[in-house]
Amino acid sequence: MKKYGWFEYQEDPLRIRNYLTGQQLVISSMNEESGVTAYVGRYTDGELDQLVRFSFGNNAQNTKEFRFDYGDFLSEPPSYGHWRRIDDFIADALLCWPEYLEEMDRFFLCITGGWRSGVWQPQFRREFSSRKSGKPDQLTQYIIAEPYVIPLETPAPSAWRLVDVDHCATKASLKFERLPVSNVPYLSRNSPVEGFQGLVPFLERDDRAAYIIFSELWPASFRGEDPEPIFITHTSTKTSSLDSEAIRRAGLNWVLVLITGFANFRRVENFGLPSYSGNLYPETNRAL
């Protein structure tokens with residue numbers, strides 16, 4: 001048996017298990033044909049029991065890739081909580097599979113189908129890269145979040161709508177409040193989100209509890225050759241805010257995300273550091 005992060009990988013029978021939550025995927029059949037390995041298995045967690053199908057092979061760019069399509073095993077849209085329960089587990093478990101992670105420089109996971117903007121979209125595609133960000137001894141220094149199992153009754157988030165402007169400014173910002181002495185910016189839960197309306201396009205969630213603001217445009221170029229402006233966006237919710245940088249290269253690529261503030265402050269009593277083999281080392285009384 002091998003461990004990686006939260007997961008245990010057992011070979012006979014082939015089973016992937018999150019040993020902290022009890023979620024697991026047990027493979028019942030595995031067939032290889034024309035360079036593609038097809039897997040059939042069951043995801044279970046004590047509340048949910050779901051047949052799943054996925055495959056592993058070369059994509060159009062001749063790079064190794066897991067393909068996981070909800071249409072291959074679901075005949076009707078799942079509830080949001082049902083989808084997230086499976087999706088959260090599968091995305092982490094397949095990308096951490098030691099058999100592939102240790103032997104390959106990189107591989108991808110392509111997931112088709114998902115909830116977005118309040119509706120189920122069967123052709124919604126997401127692609128994840130498995131590339132490691134360090135050597136095994138470096139990975140032991142990284143902090144990971146505790147695993148979270150989303151409740152099955154969780155409703156789908158509200159839809160988003162685009163609010164456009166006739167003439168766009170090159171920069172806009174929120175009206176922050178600031179903590180005394182430290183001068184740390186924050187948005188109060190009771191304060192309106194404002195300061196950008198009428199200046200730049202923005203996305204507003206239907207419940208008006210979250211916004212994505214196109215806050216700045218930086219001129220830039222790719223290796224000093226082609227124009228490649230950088231888009232800066234600001235995301236604001238009732239609990240936190242963050243800035244993101246994106247570039248337009250073979251699609252829209254998000255290259256940097258920075259947390260810029262919290263609406264409330266609290267202490268984190270416990271968190272753990274994982275070893276490369278999956279063991280967790282708890283540390284206590286560390287402030288957020």
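Aromatic pairs in this predicted model number 28. One of them joins tyrosine 39 and phenylalanine 54, whose ring centres lie 4.9 Å apart with planes at 15°, so the pair is stacked. Tyrosine 39 belongs to strand 5 (residues 36–44) and phenylalanine 54 to strand 6, so this pair ties together parts that are 15 residues apart in sequence.

**The stacked pair**
- Tyrosine 39 has a relative accessible area of 3% and is therefore buried, since buried means under 20%.
- Phenylalanine 54 also counts as buried, at 4% relative accessibility.

**An edge-to-face pair**
- Phenylalanine 68 and phenylalanine 73 form an aromatic pair with 5.4 Å from centre to centre and 65° between the planes, an arrangement classed as edge-to-face.
- An angle over 60 degrees between the planes is what places a pair in the edge-to-face class.
- Phenylalanine 68 is buried, its relative accessible area being 1%.
- Phenylalanine 73 is buried as well, with a value of 12% for relative accessible area.

**A charge over a ring**
- Lysine 3 places its charged end over the ring of tyrosine 19, at 4.8 Å from the ring centre.

**Serine 55 and its surroundings**
- Serine 55 is part of strand 6, which covers residues 49–58.
- The relative accessibility of serine 55 is 14%, so this residue counts as buried.
- Apart from neighbours within four places in sequence, serine 55 is in contact with Val36, Thr37, Ala38, Glu65, Phe66 and Arg67.

Definitions and conventions. Residues are numbered from 1 along each chain as its sequence is written. This is a predicted model: local features need pLDDT of at least 70, side-chain atom pairs count only at pLDDT 80 or more; totals for chains, interfaces and linings use all residues. Side-chain values use heavy atoms; hydrogens and water are left out. Helices (H or I, at least four residues) and strands (E, at least two) are DSSP runs, numbered from the N terminus. Buried means under 20% relative accessible area, exposed over 50%, partly exposed in between (1.4 Å probe, protein chains only). Contact means heavy atoms within 4.5 Å. Rings of Phe, Tyr and Trp (its six-membered ring) pair if their centres lie within 6.5 Å; planes under 30 degrees apart count as stacked, over 60 as edge-to-face and the rest as tilted. A charge sits over a ring if NZ of Lys or CZ of Arg is within 6 Å of the ring centre and within 35 degrees of the ring normal.
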